[in-house]
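Me: Please show me the sequence and the structure. I would like to ask some questions about them.

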Amino acid sequence: MERYQDALRVPVSRRRFLWLTGITAGVVSSGLLAACGSDDDGETPPSTGSDATPTTGASTGGDATATPGDTADTTPAAEAPTSPSGEGEGAPGGELIVAATQDGYRTEPNRANVGQYPLNTNIFETLVRLTPDYQVEPVLAESWEFVEPNTWRFLLREGVTFHDGTPFTAEAVQWSMGRIAAVGGGQLGVDETSVEIVDDFTVAITPSRTNLRVIQQISHPSNSIVAPDTEPAEIRVGTGPFMEVEYLPEDRYVVEANPDYWGDAPQLSQITFRFIPDPTTRVLALQSGEVDLVVEVPRESARDLTSMDGLSLVTSKVGAYEALYVNIHGEEPYDLGQEKAVREAVAYGIDKDSIVNGVWQGNAEISNTMIPPAILGDAGDIITGTTFDPDRARQILEDAGWVEGSGGVREKDGRQLKLTMIVGFPNAEIHTPMPEFVQAQLADIGIEMDIVQTPDTAIYEARLQTGEGDLWAEAGSQNDGNPCFLPDLLFYSPDPEGDPESMAYGNAFAPGAAFDAHIDDCRAAVTTEEVQDAAAEAMKVLVDDEFVVIPLAGTFRLYGVSAKVQGFEAHPSGVNQRWASVSVDEG
Amino acid sequence: MTRYLIRRLVYLIPIWLGISFVAFSLANLTPGDPARLMLQRDLGRQPTAEEVSSVRDTMHLDDPFILRYVRWLENAVTGDLGTSYRTGEPVLSGLAQRFPSTLQIAGLGLALAIVIALPLGIMAALWRNSAIDHLSRVLALLGASMPSYWVAYLLILLFAVKLNMLPVAGKGGWQHLILPSVTLGLGACASLMRLTRSEMLEVLGQDYIRTSRAKGLASWAVVVRHGLRNALIPVTTVVGMRFAGLLGGAVIVETIFAWPGIGKFVLDSIFDRDYPVIQGFVVFMGTIFLLVNLVVDMSYAWLDPRIRLSR
Amino acid sequence: MRDATVSGEGLARAGVNADQGAWRNQRVVFLQRFLKDWTAVVGMTIVALFALVAIAAPVVAPQDPTQVNASAILAPSSSEHWLGADNLGRDILSRLIHGARWSLGTAFVATTLVVVIGITVGLIAGFFGGLVDDILMRIVDVLLAFPSLVLALAIVGMLGPSLRNVMIGMVAVWWVDYARVIRGLTVSLRDREYITSAHCIGCPSHHIIFRHLLPNVIPSVIVLATLELGAMMLAISGLSFLGLGAQPPTPEWGAMLNNGRPFFQSAPQLMIYPGLAITIAVIGFNLVGDSLRDVLDPRMKK
């Protein structure tokens with residue numbers, strides 16, 4: 001019970017630490033977290049917001065050998081982590097073929113995330129993971145606790161073996177975290193000395209900087225536990241329900257059921273993930289029966305799928321969002337966003353309703369914030385957002401001295417009002433055809449806009465780092481249950497001493513002191529309501545006062561599924577998608 | 001024959017140097033300072049003037065162009081074409097790894113084109129203005145006029161979606177090869193057909209053929225023994241050129257059919273501004289093209305002894 | 001793809017046959033023969049029609065090709081949108097009509113540049129011979145050592161995707177075929193008696209080039225160029241299809257095809273019409289080119 005009480009005290013100290021370290025925590029991890037931004041969701045009930053999250057699993061810590069089922073009294077995170085079907089040793093059968101997006105794995109030593117992220121083939125497991133309801137639940141760690149000031153102690157599951165027969169022990173955790181430490185510590189902020197092996201099944205992780213978000217961050221598949229002395233760039237040895245058969249880069253990834261899996265046996269005998277970057281081709285492959293399931297069905301043509309025999313559209317909960325960020329610190333020629341009138345005009349010049357209901361055929365929801373309402377609560381009502389008003393947009397520009405020039409493009413002091421929109425996070429296809437629609441609408445109010453599509457996250461971020469662009473289209477979302485998480489992560493003023501690679505977002509978008517003050521409030525808030533209020537105030541600065549963020553829509557994941565696929569539950573976070581409970585009815 | 005081969009090989013050296021020079025010069029087309037670009041990628045911010053100039057020093061960017069070229073060439077000759085910005089892998093291995101896939105569809109595409117074009121072309125020449133001649137003309141016209149990327153979707157719609165006979169995309173069994181190969185081979189088929197026809201017509205009009213015919217040799221024997229061999233000489237050249245063209249043109253087909261070949265790799269690199277890969281692609285494909293030409297020359301010489309003797 | 005070598009060889013021979021003055025005398029005959037060929041007439045009609053549409057696009061197009069309209073998204077054919085509307089509610093017919101400007105225009109400009117560069121280099125190399133010839137022809141050899149699309153792709157890759165850069169890439173690669181053909185013609189003409197005598201009586205080089213060589217070279221070039229216009233259009237729109245050329249909202253046909261891909265079953269009008277437009281235009285160019293070749297190359301007409 002002592003541990004339990006420690007855990008109860010956490011929220012107070014947590015905010016304190018966040019206040020102290022949030023800058024680095026947020027900024028250093030921006031690249032990575034943003035990368036997972038589109039995966040996670042804010043569906044968590046508000047009550048489990050910032051306060052509860054660090055303690056979620058800690059409450060089970062009183063009993064070192066607690067099974068997941070024993071944690072039911074505190075959080076919904078208590079369900080058996082895999083295969084809800086519970087068929088146990090039932091003979092696996094059925095082969096599933098999945099059309100995935102492009103092969104986005106990295107293959108450099110230590111940074112390699114083959115099989116983990118962005119396509120999670122369920123070869124690997126993490127210590128804890130997120131449920132589709134965004135609760136943290138135990139996997140390789142049976143329980144955990146927070147030890148002040150900055151240590152997380154995990155009690156590991158016993159009797160688990162890696163696919164090569166190696167037993168899973170604390171050593172594997174140390175090895176896996178060591179890989180992360182070797183390349184800068186990632187969002188966790190671990191270094192070589194962070195992981196202490198207490199005994200074979202107990203590890204203590206002390207990040208090199210204060211980080212109370214460890215328990216949520218460590219659920220990210222990039223923090224998967226790999227077998228000691230193995231490197232995923234070379235060989236993939238995990239503990240998951242599936243084992244690698246073959247990985248052919250940019251072609252396919254084949255996995256088979258792990259017969260010795262510690263949890264409920266997977267229903268499928270084999271899954272083939274095929275990398276098909278083009279969304280049209282993906283859907284066609286589903287239609288022709290070549291694949292059984294496709295990810296990321298284009299929003300604008302998803303409707304077609306429902307009219308095809310034997311196919312259906314499966315959607316996840318809303319969690320992700322679509323928004324434009326305006327570069328307000330850019331250097332010429334990307335400096336026009338510095339002028340508030342320009343940002344305001346852009347905000348009023350875009351018809352969100354037409355984008356959501358017309359262009360995307362209703363496969364999204366209109367939103368005035370980036371934070372899903374479910375997590376922000378009524379507090380979000382203070383954000384008014386902008387509604388489409390081209391006359392007002394024109395007037396704003398007129399008043400600011402931008403007058404009609406040649407070819408309908410406005411000019412001021414001989415400079416044309418030309419903006420560049422960068423589209424590519426997490427890929428360009430997911431946004432289409434929104435950019436072109438916005439382009440046409442802005443042309444209507446006298447702003448010429450170029451569209452630059454980047455094929456993947458890496459090149460998008462490379463561009464963001466150098467600030468080459470005015471408007472940045474992002475499809476991202478909440479990473480955990482904390483309403484402030486995202487604004488904190490992306491828009492808090494960067495620490496000039498921080499890791500330069502990770503300051504990209506702050507360098508381009510941070511609106512400054514007024515906003516930072518709300519985030520500071522957020523970090524210091526005690527109750528859920530306070531956190532929500534602070535988050536809403538921060539969001540209001542971004543959306544209503546500064547027009548740094550122009551939210552367009554709240555979005556959900558779209559999967560195309562053949563009728564023979566059963567038991568597929570779309571996780572709002574794609575990288576947390578689980579396959580063990582899916583089965584294929586060949587009949 | 002061996003002496004001819006050696007002579008051709010020696011001739012290829014200056015051409016290859018030219019190719020490498022073009023590839024190297026291309027990198028100088030990139031907007032912006034390469035040192036700055038590299039620093040931006042590595043540092044994630046605008047580098048300072050000092051940083052830029054120090055990197056320019058270590059990269060020897062301020063050396064004369066020729067000196068830099070020679071330095072680059074030394075590496076290129078040993079197979080070091082630099083490292084991909086995007087994947088971090090050596091450019092040459094990245095290209096070489098994906099090349100066999102491209103070779104597959106280009107090879108099959110060309111084979112299909114030849115199998116269809118040669119008989120049709122010959123028949124069209126033998127029976128001028130017959131139905132088959134007109135048919136071949138129409139086919140050739142369509143083949144040369146329809147955009148391959150449009151045809152690809154029509155083929156997918158028909159054979160993969162409606163008839164469900166062939167897979168839509170990706171790499172797998174032999175079935176996966178068919179649609180990409182057909183799409184790729186279409187243009188080549190059209191031009192080969194036209195060429196075969198016109199070359200056959202010319203050969204058939206030659207005196208020796210007329211003489212043979214007059215002597216009463218069976219017309220098929222004449223066509224095969226004399227006509228075909230002579231008509232094939234120019235066709236061989238074009239087949240070789242076409243093959244290289246198919247390798248280069250695979251980028252569109254590979255994109256549509258999600259075929260993991262060299263063209264798709266380069267297209268991604270273009271969008272990624274992965275300049276070393278683009279540069280390596282030029283050297284790689286140029287080299288392949290030279291080798292293809294060499295093979296063509298050799299078969300040319302084999303078909304026509306006059307060539308290897310005269311030069 | 002292109003047929004340059006094939007037609008080039010034929011044309012070289014055809015050009016050699018077209019002696020000084022012969023071309024001028026035969027012009028009428030050629031024209032008559034050309035017009036008798038029904039394929040030529042069909043081809044000319046297509047080309048003329050498309051050219052007219054391109055020139056008069058702003059007048060002919062019923063609507064603004066970039067005007068989005070959320071209520072008309074993916075609308076089928078109707079009296080308002082004859083060919084339907086695209087995924088942003090833009091009128092497809094209007095986009096096709098304006099697209100003719102981009103697709104034909106870029107092909108025409110690029111081909112013109114190719115011809116001008118090709119003639120210039122070819123004439124210089126052929127007329128002056130010697131070292132100049134050697135250097136220029138080695139450059140040509142090297143550039144010919146690339147599959148045409150490879151180098152064009154690389155140039156676009158280095159300069160960045162845009163329609164202008166695609167044209168630069170195509171021109172940089174395609175002029176070599178012309179240069180080689182023109183050089184061949186020039187060399188064969190150079191040693192003709194009338195040229196030699198022109199030299200002897202002290203005519204300046206530019207006079208010989210412009211008065212004697214150029215007129216003899218032009219007909220061959222016209223044929224080659226017409227043949228290649230279609231191929232050029234296919235290549236440029238192909239690169240646009242890949243996203244390397246025309247950028248949104250430019251209604252270039254290749255880019256329109258690319259844009260229509262997700263809907264090629266549910267709203268096929270987005271892909272069918274631009275594809276047809278390209279095909280018909282290229283057929284037009286190819287018919288004209290083929291007929292011109294038949295007329296000018298006696299070898300083909302027996």
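Me: What is the mean pLDDT of chain C?
Reply: This is a predicted model, where local features need pLDDT of at least 70, side-chain atom pairs count only at pLDDT 80 or more, and totals for chains, interfaces and linings use all residues. Residues are numbered from 1 along each chain as its sequence is written, while chains are lettered from A and ligands numbered from 1 in the order in which they are written. pLDDT is the predictor's confidence in each residue, from 0 to 100. In chain C, 85% of the residues reach 70 or more, and the mean is 82.

Me: Over which residues of chain C does pLDDT stay under 50?
Reply: One such stretch has 52 contacts beyond four places in sequence (a contact means C-beta atoms, placed from the backbone, within 7 Å). That stretch is residues 1-21. Another stretch below 50, with 9 contacts beyond near neighbours in sequence, is residues 298-302.

Me: How do the axes of α11(B) and α7(C) run, roughly parallel or roughly antiparallel?
Reply: Helices (H or I, at least four residues) and strands (E, at least two) are DSSP runs, numbered from the N terminus. Axes are lines fitted to C-alpha atoms, for helices over the stretch in contact, with angles from 0 to 180 degrees between N-to-C directions. The axes of α11 (residues 262-271) of chain B and α7 (residues 148-159) of chain C come within 8 Å and cross at roughly 25°. Angles under 35 degrees count as roughly parallel, over 145 as roughly antiparallel, 65 to 115 as roughly perpendicular and the rest as oblique, so α11(B) and α7(C) are roughly parallel.

Me: Which residues of α7(C) make the contact with α11(B)?
Reply: From α11(B) come B:V266, B:S269 and B:I270. Facing them from α7(C) are C:L153, C:V156 and C:G157.

Me: Which element gives the most to the side of chain C that touches chain B?
Reply: The contact takes 46 residues from chain B and 41 from chain C. Elements giving two or more residues on the chain C side include α1, α6 and α10. The top giver, with 11 residues, is α7(C).

Me: Which residue of β10(A) stands opposite A:V98?
Reply: Strands pair if DSSP finds at least two bridges between them. β1 (residues 95-100) of chain A runs parallel to β10(A), joined by 6 bridges. β9 (residues 252-257) of chain A pairs with β10(A) in the antiparallel sense over 5 bridges, and its A:Y253 also stands opposite the residue in question. That residue is A:F273.

Methods:
Two residues are in contact if their C-beta atoms, placed from the backbone, lie within 7 Å.
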